[in-house]
Amino acid sequence: MYLLPAIDILGGRAVRLAKGDYAQVTTYADDPGLQAQLFEEDGAAWIHVVDLDGAKSGRPDNLAVVERILKLTKLKVEVGGGVRSLETAERLLDAGATRVILGTALVRDPDFAQAAVERFGADALVAGIDAKGGEAAVTGWTEGSGVAAADLARRMAGLGYEHLVFTDIARDGMQTGVDPAAYAAMAEAFGNPVIVSGGIATAADILALRPIADAVEGVIAGRAVYEGTLSVADGVAACAGTLALSDQLAAEERPLTLQDLEG
């Protein structure tokens, strides 16, 4: 597992939404590029970037901001939001993005989803599935798709996709903890490990994913790293399995036991 601190861009700023609600916005940084540099300095190797304006409009409205992030850092960047053409995906990849996330297009334009994986290859793309009540949401989470998230995951696997970000919308931006069973089920449907998104509040939430580690590729953290309930360093260590025992116990809020000492 690896950590992906999140940068969601709205109006050129780094923000977080509560439960995907554009009316519940908290701004954390006026310059997403400088925020990305801070994440890099704190030990992140990856970041997860979403153009929230683009997710609603269907256009890459904050492409210049994404390009600035790519120029200012050496981070591996997966980026999505408004990627609904091969040209947009190609521009992002040419600018230096490691992976491009396709979301709404997976449902609305399956021919494009197939053409993208044929043109760019599975390792350059991510299937982004955001779900509420088991249903995949589209258009920046503002509409239901009528498609079950698990069925969409199976469909993407059939097209050859190997990376998938699964967001639990009800938990996203709420720091309410994760539901490991939901991610294990999605990984089973997809046939590959998935990237966890939604609900991460502390290192304990990452540690709670250890029993399903084979089903988890990475972990996205947003509000938690901005508000200080999870440091990037601890998140990176928790994902890598190198978090110090004392920090693990503190995250779990429990005392040291003989079993801990015996490994």
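The model is a predicted one, in which local features need pLDDT of at least 70 and side-chain atom pairs count only at pLDDT 80 or more, while totals for chains, interfaces and linings use all residues. Residues are numbered from 1 along each chain as its sequence is written, and side-chain values use heavy atoms, with hydrogens and water left out.

The protein chain has 13 helices and 12 strands; these are DSSP runs numbered from the N terminus, with helices being H or I of at least four residues and strands being E of at least two. Of its 263 residues, 53% count as buried, where buried means under 20% relative accessible area, exposed over 50% and partly exposed in between, with a 1.4 Å probe and protein chains only. The accessible surface comes to about 11,000 Å², and 48% of this belongs to carbon and sulfur atoms; the areas come from the Shrake-Rupley method with a 1.4 Å probe, and for residues only the protein chains shown count as cover. Among contacts (heavy atoms within 4.5 Å) between residues at least 6 apart in sequence, 67% join residues at least 24 apart.

Seven of the eight residues of E7 are buried. Strands are taken as paired if DSSP finds at least two bridges between them. E7 runs parallel to strand E6 (residues 99-102), joined by three bridges, and Leu102 stands opposite Ala127 of E7. E7 also runs parallel to strand E10 (residues 164-168), here with five bridges, and in this pairing Ala131 faces Asp168 of E10.

Two helix pairs come next. Two packed helices are described by the angle between their axes and the distance between the axes. Here the axes are lines fitted to C-alpha atoms, for helices over the stretch in contact, and angles run from 0 to 180 degrees between N-to-C directions. Helix H1 (32-41) packs with helix H3 (residues 63-72) at an angle of about 35 degrees, with the axes 8 Å apart. The crossing of H1 and H3 is right-handed, a term used if the near helix is turned clockwise from the far one by less than a right angle, and left-handed if anticlockwise. Pro32, Gly33, Leu34, Ala36, Gln37 and Glu40 of H1 meet Val65, Arg68, Ile69 and Leu72 of H3. This contact has six nonpolar, two polar and two charged residues, with Ala, Val, Leu, Ile, Met, Phe, Trp, Tyr, Cys and Pro counted as nonpolar, Asp, Glu, Lys and Arg as charged, and the others, Gly among them, as polar.

The axes of helices H4 (residues 86-95) and H6 (residues 110-120) come within 10 Å and cross at roughly 35 degrees. Leu86, Ala89, Glu90 and Leu93 of H4 make the contact with Phe112, Ala115, Ala116, Arg119 and Phe120 of H6. Seven of these residues are nonpolar, none polar and two charged. The H4 and H6 crossing is right-handed.

Pro110 also lies in H6, and it counts as partly exposed because its relative accessibility is 36%. Leaving aside residues up to four places away in sequence, Pro110 touches Ala105 and Leu159. The C-alpha atoms of Pro110 and Leu159 are 9.4 Å apart, although 49 residues separate the two along the chain.

In helix H11 (residues 232-240), the buried residues are Val232, Gly235, Ala237, Ala238 and Cys239. They pack against strands E1 (2-10) and E12 (216-221) and helices H1, H9 (203-207) and H10 (223-227). Just after H11, Gly241 adopts a positive phi of about 80 degrees.
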